[in-house]
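Take a look at the model first.

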Amino acid sequence: MEHLLPWLRLQLTPGLGRAGLIRLIEHFKTPEKAIDNAGRGWQLAGLRNGLTREIPAATDSKIQIACERLDEMNGRLLTIWDADYPQILRQIDDPPALLYCCGELPTEPAVAIVGTRHPTDFGRMFTKKLAEEIAAAGIVIVSGMARGIDSAAHRGALDGGGKTVAVLGCGIDRIYPPENAGLYKQIINNGTLLSEHPPGSDPLPGHFPGRNRIISALSLGTLVVEACRDSGSLITAEFALEQGREVMAIPGSVDRKTSYGPNLLIKQGAHAVTEAEEILEILGLSAIHSRRHADQAISDVDLPGPAGRVLAALDLTPRHSDELTMESGLTPMELSVILLHLELQGYAEKLPGGRYIRGCRAL
């Protein structure tokens, strides 16, 4: 881990920042030479005077902790000058200079799935199912391992036997939020943890917007499932637009706060989507999608939770929504949201008079 020391010393120099680090390496070629030429050399490289007085020593506790924890995790450091640095990240205006990684970075195309930390039950269920289908088609799922929609996206990818990348707003040694300890271990064993912050870094609020730009940059498109007015996932969607990526959203009922973000994005021109096939088609990944097993019968639909109960109650005999409300034990509002999503997915068809039958995708 000795090769890490000069990189960490530069990264942890107060006031230097990502842009300053890049300028130094472009000028001096190696971090060792950059440190050796501290002082007048940094001024010649265009940096302000005084920075070099604050370069931490190799024995600094933060640097030692970062090295030890990266070694314990069998992690590694990727720099933007390395050949195996993700090419798709180089395309953005502000790529991270350094990336700390645990697990192999996938080379397959990726889709980002993000949303609120406080989703509806349906939103969590639908996200997991969608991520599972996309991952099963050979597409990587990228998200931020936050509670809520992010966690559901990662779990769906893993359940689908696919690959997932969790981009963190803290060091890759930190389990945040704490309740995601089980998911964190799953991703270490079967996915990839990624952060531009060295091990030992806390999940500070200022870290998350930068984390979001990496999530969108690693992906061909970003899907927002549920998001309130102040959701960070809207920042991720904004980054995606700036980076020239596609933005997609799941439409939601107008009476729910978590529908505000997706519905706003759709008004602004985002793709409204309700199923994996649409997402893959928008991103030009239909050819990869065709590798899925052709014998996955649509009639074998098995939705979990309340949506599954509602779908199970539907056949080709029209059923009134009042009848479905009584059978399902849901409130009329909860039922109407589920029926709307089932309609959008093709699993249910609405008839005149508030009656419903099974849709063509569920036959």
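Which residues in α1 meet which residues in α5? Leu4, Leu5, Leu8 and Arg9 in α1 meet Ile63, Gln64, Ala66, Cys67 and Leu70 in α5, where contact means heavy atoms within 4.5 Å. This is a predicted model, in which local features need pLDDT of at least 70, side-chain atom pairs count only at pLDDT 80 or more, and totals for chains, interfaces and linings use all residues. Residues are numbered from 1 along each chain as its sequence is written, and side-chain values use heavy atoms, with hydrogens and water left out.

**Helices α1 and α5**

- By class, the contact of α1 with α5 has seven nonpolar, one polar and one charged residues (Ala, Val, Leu, Ile, Met, Phe, Trp, Tyr, Cys and Pro count as nonpolar, Asp, Glu, Lys and Arg as charged, and the others, Gly among them, as polar).
- The axes of α1 (residues 4–11) and α5 (residues 61–72) cross at roughly 130° and come within 10 Å.
- The two helices, α1 and α5, are therefore oblique to each other (angles under 35 degrees count as roughly parallel, over 145 as roughly antiparallel, 65 to 115 as roughly perpendicular and the rest as oblique).
- α1 passes α5 in a right-handed crossing (the near helix is turned clockwise from the far one by less than a right angle).

**Helices α7 and α17**

- Helix α7 spans residues 121–136 and helix α17 residues 332–345; their axes come within 11 Å and cross at roughly 20°.
- That angle makes α7 roughly parallel to α17.
- In α7, Phe122, Phe126 and Lys129 meet Ile338, His341 and Gln345 of α17.
- This contact of α7 with α17 has three nonpolar, two polar and one charged residues.

Technical notes. Axes fitted to C-alpha atoms, helices over the stretch in contact; angles between N-to-C directions. Helix = DSSP H or I, 4+ residues; strand = E, 2+ residues; numbered from the N terminus.
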